[in-house]
Amino acid sequence: MFARRETFNQFIQMYPVISIIIAINTLLFLAIHIPFFPQNTIINQLIGFNLYIKEGQLWRLVTPIFLHSALTHFIFNNFALLIFGPAIESMLRPFRFILFYLLCGIGANIVTYLIKPLNYSHLGASGVIFGLLGFYLYIVFFKTQLLTKQDSQMIKAISAIAIIMSFLQPNVNIIAHFSGCLIGFILAKFFIKKTYYTFL
């Protein structure tokens, strides 16, 4: 399920939403780190900042999903999307997948806004990545016929490692991780349709 054997062009054709998201993530990451670009302006206008969200800048519930400050953070999230996303995009098809993706990210950011203090700022797609894990966990527990035993065990192991790493890594928005996973788990019930079962 998670092995990628497509060529670059095949991947773009088969998974257009994931390809576009990774392209956006990459362009914004480069814009933040290329010296002659107005890095501070981009960060200040797009980062999730609870005080500004309270003042009505609601786009900050969306834009942080596509921002990454550190190279390791950027590589990890995009690699995770590259591995975990294709099966779900195939299953849901592009429109439903982007809707699921955004709902997980926005939902995690809303929970962060509600729980964290007003001076809290955040960025990154980790909430969405955990939303994808939540989707798979729903399948593991409620749609077992869609997975082989090996895939099911792999998903459980990956989820356990991801949860443990959330506590071990510094400066991690644990609230976004867990809320994203829960949101993905809940949404999976409504997004999975019988007509899409053959895509996993």
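## Terms and model

In what follows, Ala, Val, Leu, Ile, Met, Phe, Trp, Tyr, Cys and Pro count as nonpolar, Asp, Glu, Lys and Arg count as charged, and the others, with Gly among them, count as polar. The structure described here is a predicted model.

## The largest pocket

When the lining is sorted by class, 22 of its residues are nonpolar and 16 are polar, while none is charged.

Several elements give two or more residues to this lining, namely H5, strand E2 (121-122), helix H6 (126-142), helix H7 (149-168) and helix H8 (174-191). Helix H5 gives the most, with 11 residues.

## Helix H5 against helix H2

Helix H5, which covers residues 71-115, also packs with helix H2, which covers residues 16-33; the angle between the two is about 145°, and their axes lie 7 Å apart. The crossing in which H2 passes H5 is right-handed.

On the H2 side, the residues that meet H5 are Pro16, Val17, Ile18, Ile21, Ile22, Asn25, Thr26 and Phe29. Their counterparts in H5 are Leu71, Phe74, Asn78, Leu81, Leu82, Gly85, Pro86, Glu89, Pro94, Phe97, Ile98 and Tyr101. Taken by class, the residues of this contact divide into 15 nonpolar, four polar and one charged.

Leaving aside residues up to four places away in sequence, Phe84 touches Phe2, Leu132, Leu133, Tyr136 and Ile158. Between the C-alpha atoms of Phe84 and Thr72, which are 12 residues apart along the chain, the separation is 18 Å.

Arg93 is likewise found in helix H5, and although Arg93 is not a glycine, it has a positive phi of about 75°.

Notes
Residues are numbered from 1 along each chain as its sequence is written. This is a predicted model: local features need pLDDT of at least 70, side-chain atom pairs count only at pLDDT 80 or more; totals for chains, interfaces and linings use all residues. Side-chain values use heavy atoms; hydrogens and water are left out. Axes are lines fitted to C-alpha atoms, for helices over the stretch in contact, and angles run from 0 to 180 degrees between N-to-C directions. Helices (H or I, at least four residues) and strands (E, at least two) are DSSP runs, numbered from the N terminus. A crossing is left-handed if the near helix is turned anticlockwise from the far one by less than a right angle, and right-handed if clockwise. Contact means heavy atoms within 4.5 Å.
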